[in-house]
Amino acid sequence: MWRDTSSALKALTSSHSLPATMSLALRFVFALLAVAAAHAASLSIASPRFTITAPDASQLRSQQLSLTEKPDALTLGQADVLKLTFQVVEQEEGKGVQPHQTFLRFHDEVTGEEGVQPVRVTPGGKAKFELNMARPPTSLPPTTTNPLKVSLILGSFTHSPAQYELFDLYVPASQSPPAHPDEAAFAPRPEITHTFRPEQRIPAKAVSAFFAAFVFWPWLVLVGFWFEISPRVPHLFSPHTLPFTVSLAAFEVLLFWYWVDLRLGQVLLYGGILAVPTAFAGKQALAKASERRLGRK
Amino acid sequence: MSTWSVARWLQLIQHWQLRKRCLHSSAMVSPWRFLSFLGFAAAALAKSSTGNSVLVVLDPGSSRDNFSRFFDGLEARGYELTFRTPKDAHPAVIEHDHPEYSHVILFAPESKTYSSDITPQSLVTLLSKNTNLLIAVSPKATPLTSLAAEFSLILPPPGTPLVSHFPERDTPATVIPVDVSPSNPVLSGSLPPVWFSGVPFAFNSNPHIVPILNAPPQSFAADSDADSGADAVVEAADKGGEGLWAGSSLGLVAGFQTLGGGRATWVGGVDLFSDEYAQKPTLDGNKPGNEQFAADVAAWTFQETGVLRVDGSTHHHVNETTPRDRYTINDRVTYTLRVSKYNPTSAEWEPYSGIDGMQLEFTMLDPHIRTALQPTPGVPGEYSLTFRVPDRHGVFKFNVDYKRKGWSYLQSTTVVPVVPPRHDEYPRFLSPAWPYYAGAISTSAAFLAFCALWLAGDSAEPKKSKSTKSD
């Protein structure tokens with residue numbers, strides 16, 4: 001509390017020459033206004049300068065920094081060294097001071113990663129910071145190809161604080177920090193699709209149909225021989241043979257039905273039932289045929 | 001409550017009852033039932049999804065009146081607060097292994113000793129039994145400081161509070177206005193800056209942490225109160241280890257959600273909840289966000305907001321409605337998950353379709369399929385997906401594992417075997433087999449023809465046949 005009143009008073013005595021007749025209350029109001037507006041003892045930096053040195057000690061770039069305008073982005077190689085020197089001063093008097101807080105903040109705006117590096121300042125305000133990319137400090141955040149925004153933060157118990165955007169810095173990408181094993185569940189994971197076995201290739205239906213028809217060619221031969229031999233079938237509808245022929249046909253139909261629709265149990269059942277009349281019909285038909293043929297003898 | 005609102009309440013509750021209990025619409029509602037409805041209305045005032053009893057452990061030095069806005073706000077929302085000091089043995093937080101309260105507020109950051117029922121171990125037990133914790137720490141080293149490490153929070157050395165010289169203001173450097181992130185899932189919209197004084201914590205890599213309030217980028221933890229402490233700050237950073245606690249990656253208020261759903265919120269300074277800070281105007285002269293922030297933090301911690309649950313999941317063949325106990329490879333299967341969200345204003349679970357980015361995994365050892373589980377249009381709270389089962393047989397799982405910071409974790413696992421087709425489930429009557437069918441049918445027909453001919457035929461040369469036989 002006291003520092004604000006004191007700085008307010010300082011502001012009053014330095015920048016405002018008030019008539020002595022002014023009442024105390026009015027003085028106090030002015031004091032408050034002065035706190036809000038004035039930077040009587042604001043911190044600033046003098047002669048900021050950076051140098052980039054290659055590992056073979058050759059100087060790659062050296063430039064005076066402006067506090068109002070950012071220079072072109074700085075780029076550091078694998079083993080380059082960035083040197084930054086400046087002096088912390090009181091803005092008005094230019095006297096060097098040692099503030100409580102002299103931090104360089106490295107901020108990656110894309111990933112949100114942030115690193116804060118305190119800089120040692122001598123009581124006279126002189127400060128020197130060295131960033132050796134061969135041995136990067138732990139405060140340097142994990143980096144990608146995005147630039148780091150480097151800003152200088154000056155804070156003090158007795159002076160107004162100040163923050164300066166110094167420059168953008170490109171450094172070699174670091175390894176990404178190790179992720180917690182549960183981390184993956186907290187964001188949509190990559191999609192996985194199953195690769196199915198390819199469908200079986202099927203020949204054209206015309207080909208299948210041709211060969212299906214081709215299978216029937218022996219019937220042509222049979223029909224040819226039929227006309228050649230022209231066998232007689234006098235007993236086809238005889239009551240002795242017809243039941244057996246029909247039941248044989250029924251078996252064929254049953255097996256066809258089995259192929260199309262039936263289950264094995266059903267086939268065995270129906271076949272079993274059909275077998276009884278077939279056996280009798282067969283015995284009768286064969287007995288009749290043998291009688292017929294032997295009877296001729 | 002006006003007459004109208006009572007009537008409206010009863011109407012609402014009656015409606016709720018009818019819906020919940022599936023009463024027949026023709027049933028007359030007796031006056032007694034109305035009374036029980038009133039009882040329900042009282043219970044419905046408890047706005048937390050896990051219960052309304054809260055134990056508040058306060059430092060002997062601080063009184064309830066310091067936090068009257070926060071505690072009165074909780075009571076107005078239906079919580080029953082019980083106060084005790086850390087050294088009171090009664091009421092105990094946990095008795096016979098059973099938590100006595102639904103929520104525990106530990107606002108005793110100065111106490112170094114607690115009675116035997118509050119130990120780091122018992123707090124962890126409470127949390128695993130779904131009791132929520134709101135814990136405040138301070139720059140003092142207490143048993144809670146070491147417990148914080150178990151939650152992947154790294155506290156600075158004792159006696160180093162957060163300091164910020166920004167923005168320039170007339171408060172001590174340790175009393176800091178902190179901007180609140182507008183997009184935090186825990187907080188309700190954008191809040192004005194909140195006053196904070198206390199310690200920051202660095203986060204270990206742990207996804208179960210939900211950062212609620214982060215430190216300003218210019219702030220840091222320091223034990224000095226004059227500019228001469230500058231060298232000490234630099235040395236602390238050089239010392240290695242955790243280095244310097246500085247920057248916006250530090251947390252000031254952080255939630256932690258366990259896999260079981262219990263929530264613990266760590267606050268770097270208890271003053272955040274105090275009446276003093278709730279009334280202290282911000283730098284532009286407005287009311288600070290402390291009061292609303294404290295209410296939001298309590299609402300999240302006590303499982304009022306951001307609470308989801310899985311109501312159930314089913315699966316069925318695409319042309320059917322009931323689940324099968326196994327599926328065949330290449331089947332088309334529909335998986336459905338129903339999710340509810342807790343509504344603290346009505347104290348009801350409501351179907352919730354607002355989840356984006358939920359994924360279903362169909363897993364046998366490794367996920368074979370992982371794809372988005374989208375809300376079903378027109379059916380609130382339902383998420384479904386129809387997909388083709390992989391052509392690998394084995395024991396698969398429908399797996400949903402949805403975790404987002406600030407929301408309850410949703411997990412659902414259903415085991416289902418996937419089998420190859422049965423012998424009669426393969427495709428039939430394929431065109432390449434036509435020649436084989438033709439062959440078989442032809443053979444059968446030939447057999448029949450031969451039998452008929454042999455039985456019915458009369459030999460054209462009986463003599464010849466006889467002669468060969470007699471030969």
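Rings of Phe, Tyr and Trp, the last taken by its six-membered ring, are said to pair if their centres lie within 6.5 Å. In this predicted model, that rule gives a count of 31 aromatic pairs over all chains.

One of these pairs joins B:Tyr79 and B:Phe302, whose ring centres are 5.4 Å apart. Planes over 60 degrees apart count as edge-to-face, and the angle of 65° between the planes of B:Tyr79 and B:Phe302 places the pair in that class. B:Tyr79 lies in the loop between α3 (68-76) and β2 (80-84) of chain B, while B:Phe302 lies in the loop between α8 (290-301) and β16 (308-317) of chain B, so the contact ties together parts that are 223 residues apart in sequence. Residues under 20% relative accessible area are treated as buried. B:Tyr79 is therefore buried, its relative accessible area being 3%, and B:Phe302 is buried as well, with a value of 0%.

A further pair in chain B consists of B:Phe151 and B:Trp266; their ring centres are 5.2 Å apart and their planes meet at 55°, so the arrangement is tilted. B:Phe151 is found in the loop between α5 (143-150) and β7 (153-154) of chain B, and B:Trp266 in strand β15 (residues 263-267) of chain B, so this pair connects parts that are 115 residues apart in sequence. B:Phe151 is buried at 5% relative accessibility, and B:Trp266 is buried at 0%.

Aromatic rings in chain B also form a cluster: ring pairs link B:Phe67, B:Phe70, B:Phe71, B:Phe83, B:Phe107 and B:Phe273.

Charged side chains also lie over aromatic rings. A:Arg293, from chain A, is placed over the face of B:Trp454 in chain B, at 4.7 Å from the ring centre. Within chain B, B:Lys403 lies over the face of B:Tyr409, at 5.8 Å from the ring centre.

Attention now turns to a pair of strands in chain A. Strand β5 (residues 101-107) of chain A runs antiparallel to β6(A), and 5 bridges join the two.

Strand β6 (residues 114-118) of chain A is mostly covered, with 5 of its 5 residues buried. Both of its faces are covered: A:Glu114, A:Val116 and A:Pro118 are buried on one side, and A:Gly115 and A:Gln117 are buried on the other.

Terms used: Residues numbered from 1 in each chain as written. Chains lettered and ligands numbered in written order. Predicted model: local features only at pLDDT ≥ 70, side-chain atom pairs only at ≥ 80, totals over all residues. Heavy atoms only, no water. Phe/Tyr/Trp six-rings, centres within 6.5 Å; stacked < 30°, edge-to-face > 60°. Helix = DSSP H or I, 4+ residues; strand = E, 2+ residues; numbered from the N terminus. Buried < 20%, exposed > 50% of the residue type's maximum accessible area, 1.4 Å probe, protein only. Lys NZ or Arg CZ within 6 Å of the ring centre and 35° of its normal. Pairing = 2+ DSSP bridges.
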